[in-house]
Amino acid sequence: MIELLFLLLPVAMAYGWFMGRNSVKQNQQTEKQDLSIKYSTGLNYLLSNQQDKAIDSLLDALKVEDDSVEAHFAMANLFRKRGELDRALKVHEHLVRLGGLPTKAKQQAVFELGKDFLSAGLYDRAEKMFSKLLKSKTYGLKSISYLLQIFQSTKDWQQGLSHKKLIIKVNDKRQLHTLANFYCELATTAFEQDKFIDVIELLEEALALDPNSCRANWLMAKIYENHDQCEQAAQCYQAIYEQDKEFFPDVIQQMHDCYTRLDELDDFYKFIKKVYDETASSSALITYVNNIQANNGHKKAKEFILTALKRRPTIRGFQHFIKMQMSQSDDVDNTSLDLIKELISEYINIKHRYSCRTCGFNSSTHYWSCPSCHEWEQLKPVRGLEGE
Ligand SMILES: [Zn+2]
């Protein structure tokens, strides 16, 4: 009898396994049915414009191993794009809290939640989220970029600079350029307090991070001039030309004043001639023509500017030509020339002097950070017929 029981044991085990498998299958099937009911309920809510109910239903259906995690990210991002931040926050917060989510998806949820907070203007919470991701391979650099954006908005330059080591390590040129401008902001405050050594040190830090920061050289030239170190200032102006030829027309007058103090105007005009030959800038042309007029007379200056305007006509160049003509004509002629000059001046005044090379924002005032796209050192004199 006992032998018979032993013989039946494998049969019982096989039966148990078979029934167990069926039971698991049945459970899985019931679960799937439940999920599809929740999903279709959620979709129905979405279609009938009851988005809050739809979110609750879809979040309820969300499971860690479920492929729908990606769909939830897409849904939340869509809400954010539509400005429905409370809904985007709800979905992303749910994903962050969801236990057992793979690391990459978890980091994505934290990152997107940070973007939601940033869009809502909740900088402290956004900062908290992005700070959690600094070591992430996928989101580390992107998070630093958002953190710098936050510190730029809150003018917390020191906080931004606390991430310097990390940014140097990844050698991201854009972020280095941003940090250089953070140093320039600190230097501007020190400049207003006339702290010479502090300004120089801060600007040297800026140039070490971004050797192409013409703003650093521009400020350095100013502080050197204020402290009667015009030779150093002159070097800074020359460096600005090498760094950013498009920005250079804005410093020509300051550079002229600097070389006047140095009593080296010949060198200045030699440099300006080179600038004109290389860039055909109207500011460089006007400055150089003034020099010809002073040294070689009106006739030579007129010949030079006419040839230049035929080669590359600009409204500002033409305005200067009219001024030159007025200085040489009699009273009767001056009336009509004066009218033309007035018209041109008014036309130039309604035109913007600067345009952002990144987003196209136009302005009559110069800003180091574009008011529209917030990029640094992108507002430069307008080129072409109405500009430089
Ligand atoms: Zn811009």
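Helices and strands are DSSP runs, with helices of at least four residues and strands of at least two, numbered from the N terminus. In this predicted model, the helix α16 gives the most to the lining of the second largest pocket, with four residues.

**Zinc site**

- The zinc ion has the protein donors Cys-356, Cys-359, Cys-370 and Cys-373, each through its SG atom, lying 2.3 Å from the ion.
- Angles of 107 to 114° between the four donor atoms make the arrangement around the zinc ion tetrahedral.
- Along the sequence, the donor residues follow the spacing C-x2-C-x10-C-x2-C.
- Cys-359 sits in the loop between β1 (354–356) and β2 (362–363), and Cys-370 sits in the loop between β2 and β3 (379–381), so this pair ties together parts that are eleven residues apart in sequence.
- Cys-359 counts as partly exposed because its relative accessibility is 36%.
- Cys-370 is buried, with a relative accessible area of 1%.

**Largest pocket**

- The volume of the largest pocket is about 300 Å³.
- Its lining is made up of 16 residues, and those that lie nearest the centre of the largest pocket are Gln-149, Gln-152, Arg-174, His-374 and Glu-375.
- Two or more residues of the lining come from each of α7 (140–153) and α10 (173–192).
- The helix α7 gives the most to the lining of the largest pocket, with five residues.
- Sorted by class, the lining of the largest pocket holds five nonpolar, nine polar and two charged residues.

**Second largest pocket**

- The second largest pocket holds about 240 Å³ of space.
- There are 13 residues in the lining of the second largest pocket, and Ile-252, Gln-253, Ser-283, Ile-286 and Thr-287 lie nearest its centre.
- The elements α14 (252–262), α15 (265–279) and α16 (282–296) each give two or more residues to the lining of the second largest pocket.
- By class, the lining of the second largest pocket is made up of five nonpolar, five polar and three charged residues.

**Aromatic contacts**

- A pair of aromatic rings is described by the distance of the centres and the angle of the planes.
- The count for this model comes to 18 aromatic pairs.
- One of them joins Phe-247 and Trp-368, whose ring centres are 5.4 Å apart and whose planes are at 50°, so the pair is tilted.
- Phe-247 lies in the loop between α13 (230–243) and α14, while Trp-368 lies in the loop between β2 and β3, and the pair links distant parts of the chain, 121 residues apart.
- Phe-247 counts as buried at 3% relative accessibility, and Trp-368 counts as buried at 15%.
- Tyr-276 and Phe-304 form another tilted aromatic pair, 6.0 Å centre to centre with 55° between the planes.
- Tyr-276 belongs to helix α15 and Phe-304 to helix α17 (residues 298–311), so the pair ties together parts that are 28 residues apart in sequence.
- Tyr-276 is buried, with a relative accessible area of 5%, whereas Phe-304 counts as partly exposed at 23% relative accessibility.
- Phe-111, Phe-130, Tyr-139 and Tyr-146 form one aromatic cluster.

Conventions:
Residues are numbered from 1 along each chain as its sequence is written. This is a predicted model: local features need pLDDT of at least 70, side-chain atom pairs count only at pLDDT 80 or more; totals for chains, interfaces and linings use all residues. Side-chain values use heavy atoms; hydrogens and water are left out. Donors are N, O and S atoms within 2.8 Å of the metal (3.2 Å for Na, K and Ca); water is not among the atoms, so sites may look incomplete. Four donors count as tetrahedral if all angles lie between 85 and 135 degrees; four count as square planar and six as octahedral if opposite donors are over 155 degrees apart and all others between 65 and 115; anything else is irregular. Buried means under 20% relative accessible area, exposed over 50%, partly exposed in between (1.4 Å probe, protein chains only). On a 1 Å grid over the protein atoms alone, a cavity is a set of points where a 1.4 Å probe fits but cannot get out, and a pocket is an open set with protein on both sides within 12 Å along at least five of seven lines; lining residues have an atom within 4 Å of a point. Grid points are joined across faces, edges and corners, and a volume is the space filled by probe spheres set on the points. Ala, Val, Leu, Ile, Met, Phe, Trp, Tyr, Cys and Pro count as nonpolar, Asp, Glu, Lys and Arg as charged, and the others, Gly among them, as polar. Rings of Phe, Tyr and Trp (its six-membered ring) pair if their centres lie within 6.5 Å; planes under 30 degrees apart count as stacked, over 60 as edge-to-face and the rest as tilted.
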